[in-house]
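Here's a quick briefing to read with the model open beside you. We'll start with a helix and then move on to charged side chains.

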Amino acid sequence: MPQVPQTLDALAVRTWCGLALEALGRSREEIDAINVYPVADGDTGTNLYLTVESAVAAVEAVFAGYETVAAAGDEAVATAGDDSVGTVGHDSVAATGHETVAAAGHDTAAATGHETVETAGHGTAPAGAGRPTLADAVRAMAHGALIGARGNSGTILAQLLRGIAQVLATDSETAHTDGQGLRLALRQAADAARQAVAHPVEGTVLTVASAAADAATGAEGDCGTVARAAYEGARTALAATPGQLAVLERAGVVDAGGRGLVAVLAALVETFTGEAPGAFVAPVDVHARVAEAVPGAVDAGGVHPELCADGGPDEGGPAFEVIYLLEAEDAAVARLRDRLDSLGDSLVVVGGDGLWNVHVHVDDAGAAVEAGVEAGRPYRIRITHFGLGDVHTAGAAGRQPRERAQRAVVAVVPGEGLDGLYTEAGATTVLARPGEPPASGELVEAVRRAHAREVVLLPNDADLRHTAAAAAEQARAEGVRVALIPTRSAVQGIAALAVHEPERRFDEDVVAMTSAAGATRYAEVAVAERQSWTMAGICQAGDVLGLIDGDVAVIGSDITATAETVLDRMLAAGGEMVTLVLGDDAPDAIAARLESRVRESYLAVDTVVYRGGRQGALLLIGVE
């Protein structure tokens, strides 16, 4: 048997997160299938998976940061006195901080900081450190889960992980690294999650979490003993949930969120013992029981009937699920809770220290967002309509799943403006905000949302190629024909989408889109956040950087002048079409200036301008 940690440390947290993600990956479809409360929309397993995937990414980013610093220190010693360009390496990464696959998918370096350890709220790794502390790891885990939480169940899980972090990341002299520390952490987790829910209901994940904490409290011994006691307590409580919630009893299933938590706790047992406990066995064929509960129901591959907590399939619920991250003070959040509670149900507000994740089901989605604006700064806003096929609205029972489209395009876009542009062109989009690259699970979810037999996937970022490849493989395993076009920028994606013709044979369409993307050179203009080495020289914080095809080519002091230089260099090799995508912070006059330059200096070259919104870069440039 391989060695396993006997105490809580950063490596144990990393192992637990990884095993939990694997466990949820294996049980995702089963959990989706039994999702009948609070909304029977068949996505609890997927939401839990995406939440933990975000936590894993954050923990890996912290480990990568420490390893990068340690490696850099070793290299500096080994190369002291050498005049070598080898330390420049990936200059565009150093200068703009785009995440790199080499660092487990999350770069931690340099100038504009698009994905740094700071985004997990931990600062930079101390020089010479090779491994993060327990506090580093659990804070990253909690932060990652918070910003990536999806759905009601994912939001509650994020608060459970935050409660664990509150105990294990304490700054007191006594570190909670033993069984006693784990007992305290599980108790705090259960209490924090219950407090985050506006109207706690028994027979849900809250009940299972409390049972796990109660069982752990009575366990004496090391972390493995405590973890196993918590798992057994949770498993027993989960089996009893149908007797506590009528909707579960009618469907003949256990609570889906609680089932997911049992999987996460099973991973905790495996972390400390090296052995996975026996899998929880569903009482019956859940698909058959759900179908029997309400005539006309279908399984999780299609649509569930509505199964409301206090009624039957004739009673409807709010039409929208609204989720957003919120930067706000505690007092403002308290007022927000009251306001949202009056607007809808399934209200869960988790987080703290100025950053919150808000989840609510409402009929007036605009009012829910406006309430967030009044409280602070909401962002990463997701509004999902519970359509007729999602069974939350009345009369969904008996409806057949909608027919699959023949072909769809799924694209990652860096800002709200491009999101609208791509959507108008018929693409299904995944919004990637600065410092928040989408995980593979989000791309898979988008492919499912596209609901097509054939999908063309446009990652629109060189650093997402492995993430997109993993998503494509998962989608293929689910029976979808997927072609991944390795677009490295949103402007290449625009070029590909412009020649997309769904009526063509799939292979011909993919070839045409790939050719259009490959014929488009791409550039961006950004501002350096710190000093860094680049192929164009040393940049200082505040310098304007012009990147062409991923490499820093120009360092300037004026945004418009730098953009002109970049554009001139790109057009020196020829071109027929210039695409400009303006970020929110781009100067107002820059588009007119660049359009004028193209018109006056380059014959027969057209220019098109789009507003990209909050896209990270000040300006994206494409030349076809």
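Which residues of α16 are buried? They are Ala 468, Ala 471, Ala 472 and Ala 475. Keep in mind that this is a predicted model.

**Helix α16**
- Viewed down the axis of α16, the buried residues fall within an arc of 105°, so they line one face of the helix.
- That set packs against α15 (440-450), β7 (452-458) and β8 (481-484).
- α16 covers residues 465-477, and its 13 residues reach 18 Å from first C-alpha to last, close to the 18 Å expected.
- Just after α16, Gly 479 has a positive phi of about 95°.

**Salt bridges around α15**
- The count for the structure comes to 25 salt bridges.
- Arg 150 pairs with Glu 445, with the closest N and O atoms 2.6 Å apart.
- Arg 150 sits in the loop between α4 and α5 and Glu 445 in helix α15, 295 residues apart; both are buried.
- Glu 478 and Arg 448 also form a salt bridge, at 2.6 Å from N to O.
- That pair ties the loop between α16 and β8 to helix α15; Glu 478 is partly exposed at 28%, and Arg 448 is partly exposed at 27%.

**A salt-bridge network**
- Asp 507 and Arg 505 meet at 3.9 Å, N to O.
- Asp 507 is partly exposed at 40%, while Arg 505 is exposed at 52%.
- Shared partners join these two with others into one network, among them Arg 407, Glu 454 and Arg 481.

**Rings**
- Arg 14 lies over the face of Phe 63, 4.1 Å from the ring centre.
- The charged end of Arg 377 sits over the ring of Tyr 379, at 4.3 Å from its centre.
- A search of the whole structure turns up zero aromatic pairs.

Methods:
Residues numbered from 1 in each chain as written. Predicted model: local features only at pLDDT ≥ 70, side-chain atom pairs only at ≥ 80, totals over all residues. Heavy atoms only, no water. Phe/Tyr/Trp six-rings, centres within 6.5 Å; stacked < 30°, edge-to-face > 60°. Lys NZ or Arg CZ within 6 Å of the ring centre and 35° of its normal. Helix = DSSP H or I, 4+ residues; strand = E, 2+ residues; numbered from the N terminus. Expected span 1.5 Å × (residues − 1). Buried < 20%, exposed > 50% of the residue type's maximum accessible area, 1.4 Å probe, protein only. Arc of directions from axis to C-beta. Contact = heavy atoms within 4.5 Å. Salt bridge = Lys/Arg side-chain N within 4 Å of Asp/Glu carboxyl O.
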